Amino acid sequence: IAHYLKLIGRDHYYSMKTLTLHPEDLALPYKYAAMALALLPLAALLLWPISNAVGGILLLVSLVVNFLLTYILKSQILSYRLAYPLSSLAHWTKKLLPLVAPLDAELADQLKKCLAVCKKAELPFFLMRYSDASEKMGIPDLTALFLVPILSYFRVARFAQKETATLSKMYDLIGEIDIACSVSSFRASLPYHTKPEYIGTRRFMAEACYHPLLEMAVPNSIDVSCGVLVTGSNASGKSTFIKSIAVNLILAQAINTCCAKSIRLRHSNIVTAMAVSDNIVEGDSYFIAEIKAMKRLVNMAEAPGFCYFFIDEILRGTNTVERIAAAYAFLKHFNIRNIICFAASRDIELVALTDADYAQCHFEETIANGEIEFSFKLMPGPAKTRNALKLLESQRFPGAITHTANRLVRHFEETDSWN
């Protein structure tokens, strides 16, 4: 099936959908002049018995003129190439039909009806494909001597203008097959998958959910009916976890497929404030870009409909005190009935502020022989460890740097002051 789908769309640069929706783009210039010139060789043959010289000259001139005119008109009639995909569509759909019939009888029956209509233009379709194939192989197209490619184009153009609805329907059916084939291939590439179950309450449940782009993904499970604050050390898996949930919510509602053993969710909008970056062209600093992202979430919170929000390291572009205060204010604002907010943060201070309203979970690491190892398994409750300085040490930074940093951390924890 994939092979035939590739052949349907293998060539040329024009949108078949545009063609089927706007058949008026198929121009018909020089129609009657071309028909008259196509008959000239026949007229020359009829004159041949009467006057060999006149008949012979007329035959030679008409064949040369028609041959040259065919290639001139092909280049001048811009929509000539637009008609070719229709021929390709009908031809390869016919080949595709026996493969589709056992899988979806209803769709195959609709395709049969469309192909029955396309039989009206079967001959011009064939002649256009023949002319195109000859041109690509560098073989002279002898049908051009009688303007057959141009006359076939006129016939196909009239057919497309008359049967727009049928051609558009066939195009859509092929699109459905293409989507189904792509989804099937995607599912086959996954270690396991499931179809989502939709509910009408404020809840999200996922069993053994994983990110489809990771080769050695560690699955995690979660079941919540409120917002979620994910804490943990650097590189422990916080961002990847909430991304995996967001991706699966999109896959669920787009292609009815989830990378999990089971998922229950509500029909929703998915809104993110992740991977925010500054924009030198627009003059936005990192923090301004973050503000704009949060403004988008606030606007969605006030709109009708259910939403899942995903925020990674909220407002990290500003100072600690104001970041924590503003982050809590946003999280409190998003703790309403039509939103489940997933937020990832290294700020342990947010745990105490949000503990009454948000489910708390975390990722942690282990340190063995001076090396940091991550399990990437979601754990209940808030994070209790930090690892930034351990990561510096694991990368063999100069001792003067890591010793100074560790000494300042111990001093701050004992005195609550940097002095």
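The largest pocket takes up about 880 Å³. A pocket here is an open set of points on a 1 Å grid over the protein atoms alone, with protein on both sides within 12 Å along at least five of seven lines, whereas a cavity is a set of points where a 1.4 Å probe fits but cannot get out. Grid points are joined across faces, edges and corners, and a volume is the space filled by probe spheres set on the points. The model is a predicted one, in which local features need pLDDT of at least 70 and side-chain atom pairs count only at pLDDT 80 or more, while totals for chains, interfaces and linings use all residues. Residues are numbered from 1 along each chain as its sequence is written, and side-chain values use heavy atoms, with hydrogens and water left out.

Lining the largest pocket are 26 residues, and Arg346, Asp347, Ile348, Glu349 and Arg386 sit nearest its centre (lining residues have an atom within 4 Å of a point). Helix 12 (320-333), strand 10 (365-368), helix 14 (388-394) and helix 15 (399-415) each give two or more residues to this lining, and helix 15 has the largest share, with four. Helices (H or I, at least four residues) and strands (E, at least two) are DSSP runs, numbered from the N terminus. By class, the pocket lining splits into nine nonpolar, seven polar and ten charged residues; Ala, Val, Leu, Ile, Met, Phe, Trp, Tyr, Cys and Pro count as nonpolar, Asp, Glu, Lys and Arg as charged, and the others, Gly among them, as polar.

The largest cavity holds about 80 Å³, and of its 14 lining residues Ala273, Val276, Glu290, Asp312 and Glu313 are the closest to its centre. Helix 11 (286-302) and strand 7 (307-312) each supply at least two lining residues, with helix 11 giving the most, four. This lining has ten nonpolar, no polar and four charged residues.

Turning to aromatics, ten pairs turn up across the whole structure. Rings of Phe, Tyr and Trp (its six-membered ring) pair if their centres lie within 6.5 Å; planes under 30 degrees apart count as stacked, over 60 as edge-to-face and the rest as tilted. Phe310 and Phe342 are stacked, because their ring centres are 5.2 Å apart and their planes at 5 degrees. Phe310 belongs to strand 7 and Phe342 to strand 8 (residues 339-345), so the pair ties together parts 32 residues apart in sequence.
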